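Me: I have a chain open here and would like to go through how some of its parts pack. Can you take me through it piece by piece?
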Amino acid sequence: MRKNLIDELIIAMEGHERSVHNTVVLHVGLGDFNDTINNRIDRSPSTGQPGSQFLIQLLQLGLYDVCRSLYPDAEIFTHEKWDKNKSKSGPISKSRIDQIWITHKPDVIPVEFSVHSSQMITNSHHSIISTTLNISGFIRNNFRHCVPDQLQDPDLGDKHQNKRIVDFSKITNVQWENFTETLDREIEAWDFQQLIDGFNCEIQLRDGKDNDGEEIKRRFNELWNNVMSAISIAMNIELPMKLVKYPGSRNTRHKLSFADKTMRHTTKLESLIRKICKDQDYLIAKDAHWIDYWLNRFNKYNDDYRRKEYDNFIDKYEQLIIPTHDLFRDTWINNVKGVVKQRSKIDKNFLQAQRLSKIQESIEKRCNIIHSDIPKWLLSTQDAVKEHIIIDRAVISNKNESVRLAIDPKTIRTHAKDTFAGILRKRNTKSIEQDAFWSNIYRPKGVVPEQWKQSLIHPIPKLQKFDYILANTRPIALLDNIRKSVTKLLTNRLSTILTNNKVIPLRLMNDIIEDARENGRELWVTNECNNSIGPSPTFIGGDGIDQGDAISPLLWRIFYDPLLVAIQQACNQQQGYEMVNTWPSDIQDRSTWQQYRLRVPVIAYMNDTSYLDSSGDKIQASINIATQFYYLHDVDINGKKSELMVINPKLPRDELYINIGRDNSKVQATDKEIRYLGCYFSSSNSRKRSIKRFQDIIERFLNPIRRKRITVGHIAYLINHVLIPRVVYVAQLMTLSENEWNHLFTLVIKLVKQICGLPRSYPTSALYHRYILGINNP
């Protein structure tokens, strides 16, 4: 019997998949199954026997137990077994063999499962079970009649349900100036300078002491909270605010437009006439109350087309009037058929006109944007309409491949946290494996506010349908604007310091290479594979920082700084290539001459790193330190894509190599160029090779443009903002004469004249004139 039930269910589900395209089907199986799937909680006393194979087959078919989806671990029993020959003081066993199973549908939400005693009704040992399902999202036709879901998460405060934000569209210059003045007064009232001085004094007193720094963290959090309070007070006083409500459940009531109501009335009228014509006895059983009901409806329907929106679609309004006399007679039925035909025609024309009007409005709006705000138009071309999702329920898959739909806010939050945690941030640092050397390098001193460790996760839907599966979304961390402003301020100040002190990695690299060539000194240079061309092996990203954080460059420097410090401190600071320069203060007095020395073991700019040294053994020692650093942070370096260049070698050719990476990949010295920060360096100073590279860059730029139909403005913009900056950047380490630049740009000028329709004899200098074409002269 059970096998027959499974077969019938399979046939029904397969038949639905094959033949029913526009109908939604929910399969429900219920009754006395006389078995359980989990004998540990579904029976009392519990047993260790395996669950029913029949119920397991239901799981495999895509059905789930409604009771267990709502109450996964609760002891609920629907049947009691009594021993007739013994005392009836209590049942000898209890079980939950009466069950309700339904197919998994994301829009079908179990709301309640109840067990009612039947002793006073049927005198049976089986209880009556019932369930309540929310199918408002499943049955689409009834969607607009649903009651809005008022489910609120009790654990979330008002700030998470509704939020007041600044309405930037209404801010005036006067309001912004008032906000600045109010904020200055608030800062003076809080006396932040005194708080900051006290905080710095606390750090200096505790610097170097063995303590956990909890007091420093507490005071720092208090300082940041005061800063946020001062900004919030000034913002609420001076700036216009607006209330943003977080979207609730998708079960919302839809308000019909007048056109929707009119078309619905036409459909109901047509349905009535069809029933009357199909069944001659349809009107016999109807009473006077039914006739009065439809008479009132006809009077209401006659007012549908009195709106001015329909004036252009109606020739004779009398043809749309439903007669209210001689109801349901043959003449009346024929007249109403004509009315229905006219109404359907008007509804169709009006709907088509509305669609055309929306298309025209969209086109006009886009044209206005094109003419008034070109940057906004360019950004809008990248816009893509995404599905709006609301996580008021979630599909959860267990390890045993069972699937259930969670609607409890706490369960959904826990599932979202588990799903998104591995995507957004995962710390893989092997801090427990640090030896004494690395423990000395890593001495934590800095603290950040607790609020900086929090962010708002916003899931963006992927291409596939959401279906309440969190894996079908891409989460992005949205950070607080005040936090990003402060971190941006710190980053800008640090960049200013580096710029003022002329810390330019490319110039430093070029100076070291020139020094080795001129003085005939040995130099080993190797770089890592971060910018090499070619595929890297598949890996799972682990260590990371918040996406979009303005402090990201600064955090990367903080992360990378221990490696640079470790290399500088290694081997009594004897690592690296040493440059020596003698500066004659007085050219006639050699005793006043001063000698300056600079030792550079490594050059790093973000993730581009190059190691330099005067011998293979020394550079290998630096690379070994870097390998330990990468291992501690679970970072993998592809040694097969690293490059090595040796100038003035003292070893034979076959001994010019290093080992890099966890797998000790062998990197052999090359005679070709190596790439660092987009520029190229070689062991031999070949000017001809460099000019050939510039020519290749220009040729790669011109090839696709020759096949494009572009305007004069396009070509001028591309040359000024793409080609020239690219060539100048690569050529910054060498000096080109004016004739060499003109020779390089011969093909560019030729193409510009061709696009402009100018003869070859046209003066090239005219193309550089700001009021003619405005091409920059490199």
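Me: What covers the buried residues of H8?
Reply: The cover includes helix H9 (288–301) and helix H10 (330–372), where helices are DSSP runs of H or I with at least four residues and strands are runs of E with at least two, numbered from the N terminus. This is a predicted model, in which local features need pLDDT of at least 70 and side-chain atom pairs count only at pLDDT 80 or more, while totals for chains, interfaces and linings use all residues. Residues are numbered from 1 along each chain as its sequence is written, and side-chain values use heavy atoms, with hydrogens and water left out.

Me: Which residues of H8 are buried?
Reply: Ala259, Thr262, His265, Thr266, Leu269, Leu272, Ile273 and Ile276 are buried, meaning under 20% relative accessible area, whereas exposed is over 50% and partly exposed lies in between (1.4 Å probe, protein chains only). They cover an arc of only 150° around the axis, so they sit on the same side of H8; the arc is that of the directions from the helix axis to the C-beta atoms.

Me: And which exposed residues are on the face turned away from the buried side of H8?
Reply: That face carries Thr267 and Lys278, both exposed.

Me: Switching to rings, how many aromatic pairs are there?
Reply: The count comes to 14 aromatic pairs, taking rings of Phe, Tyr and Trp (its six-membered ring) with centres within 6.5 Å, and calling planes under 30 degrees apart stacked, over 60 edge-to-face and the rest tilted. For Phe313 and Phe350 the centres are 5.6 Å apart and the planes stand at 80°, so this pair is edge-to-face.

Me: Where do Phe313 and Phe350 lie in the chain?
Reply: Phe313 is in the loop between H9 and H10 and Phe350 is in helix H10, 37 residues apart, so the pair links distant parts of the chain. Phe313 is partly exposed, with a relative accessible area of 25%, whereas Phe350 counts as buried at 8%.

Me: Last topic, which residues touch the most other members in the largest nonpolar core?
Reply: Of its 26 residues, these are Ile698, Ile719, Leu744, Phe745, Val748 and Val752, a nonpolar core being a set of buried Ala, Val, Leu, Ile, Met, Phe, Trp, Tyr and Cys residues joined through side-chain atoms within 4.5 Å. Helix H18 (687–706), helix H19 (712–730), helix H20 (738–744) and helix H21 (746–756) are the elements that give two or more residues to this core.

How values were computed
Contact = heavy atoms within 4.5 Å.
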